[in-house]
Amino acid sequence: MLSIQHISKKFATVQALDDVSFDVPDGQILGLIGQNGAGKSTTFHSILNFIQFEGQITWRDAPLSTDSFDDIGYLPEERSLLPKLTIEQQIVYLARLKGQSAKTTRPQIDDWLERFNVKGTRRSKIKDLSKGNQQKVQLICTLIHHPKLLILDEPFSGLDPVNADLLKQAIIAAKNEGAAIIFSSHDMEHVTALCDRLVMLRHGKVVLHGTLDDVRNQFGKTQLSVTTDWSAADLAALDHVTQVIHGHTNHYLLHLDDPAAGPAIFDALTHGHYIEEFSQQPPTLDEIFRLKVGEEHD
Amino acid sequence: MTKTWVVMFETYLRQIKTWSFLFMILGPFLMFGLTAGLSYLSADSAKSSQQLAVISQSAPLRQAYIKSHGDGLNTKITTTSQAKKAVKANHLAGYLVLSVDKQQIRGDFHGTQALSGGQRAQVQNFLSAYQAQANTVQAKLTAKQQAVLNRTPTLASHISTKSGTANAVKVASFWAFVTLLYIILITYSSITAQEIAADKGTKLMEVIFSSTTATSYFVGKIGGILLMILTQIAVYLVGGAAAYQWAGNSRTFKPFLTSNRSLIDGILHNFLSINLLYLFLGVVIFILLAAYSGALVSKAEDASKAAQPTVMLGMLVFFTTFPFQNNLDAIPVKILSYVPFFSSYFMPLRLINGTTSAWEVVISLVILLAAIAAGALMIGKHYQRLMLQNDNRSLWQQLLHRKHS
């Protein structure tokens with residue numbers, strides 16, 4: 001388990017991290033979200049000891065040391081490889097730095113290239129690959145030694161939906177192997193699809209922390225998705241409805257100021273008769289993100 | 001340690017596979033080969049046109065000349081008409097007609113250019129000796145009388161060649177050493193600074209520092225570059241020995257090597273000594289500085305600027321040696337032979353001059369090794385911070401800032 005306890009970091013006058021604490025158990029995925037500059041990369045750099053910080057970070061109950069290097073798979077925010085090397089040379093070099101011998105790595109390369117659908121052979125030069133394929137090679141370099149702690153800084157950035165799915169599968173496979181995984185993303189869809197837990201940072205502070213359901217339920221089931229022949233004006237006139245968003249045909253999304261108003265609205269809309277759709281849900285992660293960011297501007 | 005080796009061999013293999021390294025290694029041999037080839041071709045084509053022919057009605061006279069001065073003669077030409085044709089066709093420099101007229105030996109030279117002083121003396125000596133021999137026979141002298149007439153004065157030269165050569169050896173060794181060290185320093189300072197700076201421009205460093213310590217990586221990088229230097233020195237030693245061997249058997253270079261044997265042996269003696277260690281350690285301390293400069297640049301595009309401080313220091317030290325080339329006993333030379341960076345030039349120069357003791361060499365080496373160790377530790381300690389830092393200040397600003405902080 002990766003444990004982060006009360007870490008703080010200040011750059012000149014900017015408080016980049018302020019008493020941040022969370023854990024990433026083995027076999028779980030933690031999503032780190034927040035606006036640009038919220039402190040996500042600084043958190044990763046602290047975990048990797050790239051910067052000095054206050055507080056404590058432990059991996060399997062001990063501070064991270066040179067012994068932990070081989071357990072870690074790290075994908076930085078900006079991708080970078082050695083352009084003059086071939087795919088094989090690049091992968092073997094980085095795998096050897098992770099303590100995995102060339103003899104073990106070489107037979108796996110073709111399989112990984114196929115898995116990520118890389119357009120090129122093991123002898124293709126990195127500089128001759130497209131940006132997307134270079135990104136996939138870097139992902140292979142991050143995963144090929146089967147890390148036990150996977151740190152991915154914006155891993156989906158620049159990937160098309162097909163390749164993003166390939167990456168999702170690889171992350172889930174690593175999770176199933178028991179790896180503790182932490183990744184940052186601005187795309188709440190990926191976070192929702194993958195994460196067991198999430199942490200949201202704002203100005204270096206943790207503003208949300210917990211499982212996806214816990215976080216969403218903190219905000220109450222304040223959204224009603226209904227399909228009805230009522231007009232938007234009639235819906236807006238209902239008690240505790242603060243906003244009505246008209247979707248397709250007879251579909252509406254109602255925002256409530258009190259989740260307990262749900263049964264009364266249900267009765268008003270159905271009068272004991274069949275209704276095609278009535279679903280009361282907490283806000284989506286995307287909405288929570290906007291809400292939290294919005295709080296800052298209020 | 002294993003990861004240090006991985007970085008070391010990766011750096012080494014990546015560098016030695018480049019065309020620039022190959023040309024750098026083979027450059028001197030290509031130059032030497034080209035020069036030797038051109039000299040051989042030029043000598044071969046000039047050889048026949050520089051030959052002389054000897055023509056004579058008297059076969060014993062002609063044979064006597066050929067026997068005593070066979071080199072540079074075309075013995076196939078035996079008649080005046082053949083010789084004239086050969087001269088006209090520029091296949092012969094000229095021909096010597098030897099004749100005997102009333103017991104007097106006569107030589108007539110015909111050619112496009114006058115005989116050189118040496119050739120003229122050679123012909124004159126032959127004619128005199130042959131004439132003397134003929135005179136002796138004609139005069140019917142007794143053996144005793146002949147011996148008296150053959151008596152010649154003696155001129156002996158007593159020159160102290162050792163001290164004269166020793167000075168030449170010192171001067172030649174001085175120039176050979178400082179030039180070689182300067183070339184290696186400048187070359188590898190640039191390679192090191194660019195190699196490190198190019199790394200800094202990439203985010204790959206974050207991946208690498210999540211795999212190994214900065215110190216281990218830094219030592220591996222420097223180790224890879226030192227392996228390159230050792231490769232170059234080894235290739236030069238082996239190639240140089242082979243070239244020396246070949247030149248010793250070459251008609252073109254043998255006379256030069258023979259006449260300069262003591263000078264060449266003296267220079268080699270000065271190189272294949274503790275000076276080689278100074279040369280190597282000098283390169284090490286300079287590439288450490290170059291690595292530090294490389295780590296200070298803010299982006300890969302500035303890689304070419306990275307070597308500037310090291311190159312300038314290298315030039316400063318190189319030019320500082322000039323005023324002292326004939327005054328290696330001066331106080332500044334003694335002081336600078338203990339100062340790291342300068343000691344790599346000045347202590348070997350004192351060693352070449354024979355004006356230092358073993359203790360002084362030991363002290364100088366200890367200071368140099370301590371400076372290298374301190375430099376490596378200091379850079380290794382700050383390497384991660386330097387490599388991961390993105391600072392828009394110029395290289396000079398960073399250097400000055402660090403000096404004051």
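Modeller: Let us begin with secondary structure: helices (H or I, at least four residues) and strands (E, at least two) are DSSP runs, numbered from the N terminus. On that basis chain A has 10 helices and 14 strands, and Asn133(A) lies in helix 4 (residues 131-143) of chain A. Residues are numbered from 1 along each chain as its sequence is written, while chains are lettered from A and ligands numbered from 1 in the order in which they are written. This is a predicted model, in which local features need pLDDT of at least 70 and side-chain atom pairs count only at pLDDT 80 or more, whereas totals for chains, interfaces and linings use all residues.

Colleague: Is Asn133(A) buried or exposed, and what makes it so?

Modeller: A residue is buried if 20 or more other C-beta atoms lie within 10 Å of its own, exposed if 12 or fewer, and partly exposed in between, with C-beta atoms placed from the backbone. Asn133(A) has 20 other C-beta atoms within 10 Å and is therefore buried. Across chain A, buried residues make up 38% of the 298 residues.

Colleague: With which residues is Asn133(A) in contact, leaving aside its neighbours within four places in sequence?

Modeller: Two residues are in contact if their C-beta atoms, placed from the backbone, lie within 7 Å. Under that criterion Asn133(A) is in contact with Val118(A), Lys119(A) and Gly120(A).

Colleague: How is His6(A) classed, and why?

Modeller: His6(A), in strand 1 (residues 2-11) of chain A, has 13 C-beta neighbours inside 10 Å, so His6(A) counts as partly exposed. His6(A) also has a positive phi of about 55° although it is not a glycine.

Colleague: And why is Asn49(A) called partly exposed?

Modeller: Asn49(A) has 18 C-beta neighbours inside 10 Å, and therefore counts as partly exposed. Asn49(A) sits in the loop between helix 1 (40-47) and strand 4 (54-59) of chain A; its phi is positive too, at about 60°, although Asn49(A) is not a glycine.

Colleague: Turning to chain B, how does the reach of helix 12 of chain B compare with the expected span?

Modeller: The expected span of a helix is 1.5 Å times one less than its number of residues. Helix 12 (residues 274-296) of chain B has 23 residues and reaches 34 Å from its first C-alpha to its last, close to the expected 33 Å. Helix 12 of chain B is mostly covered, with 18 of its 23 residues buried.

Colleague: What relation between helix 12 of chain B and helix 16 of chain B follows from their crossing angle?

Modeller: Axes are lines fitted to C-alpha atoms, for helices over the stretch in contact, and angles run from 0 to 180 degrees between N-to-C directions. The axes of helix 12 of chain B and helix 16 (residues 343-353) of chain B come within 9 Å and cross at roughly 170°. Helix 12 of chain B is therefore roughly antiparallel to helix 16 of chain B, since angles under 35 degrees count as roughly parallel, over 145 as roughly antiparallel, 65 to 115 as roughly perpendicular and the rest as oblique. Among the residues making the contact are Tyr278(B) and Leu281(B) of helix 12 of chain B, and Met347(B) and Leu351(B) of helix 16 of chain B.

Colleague: How many residues does each chain bring to the contact between them?

Modeller: Chain B brings 16 residues and chain A 17 residues. Helix 8 of chain B gives the most to the side of chain B that touches chain A, with five residues.
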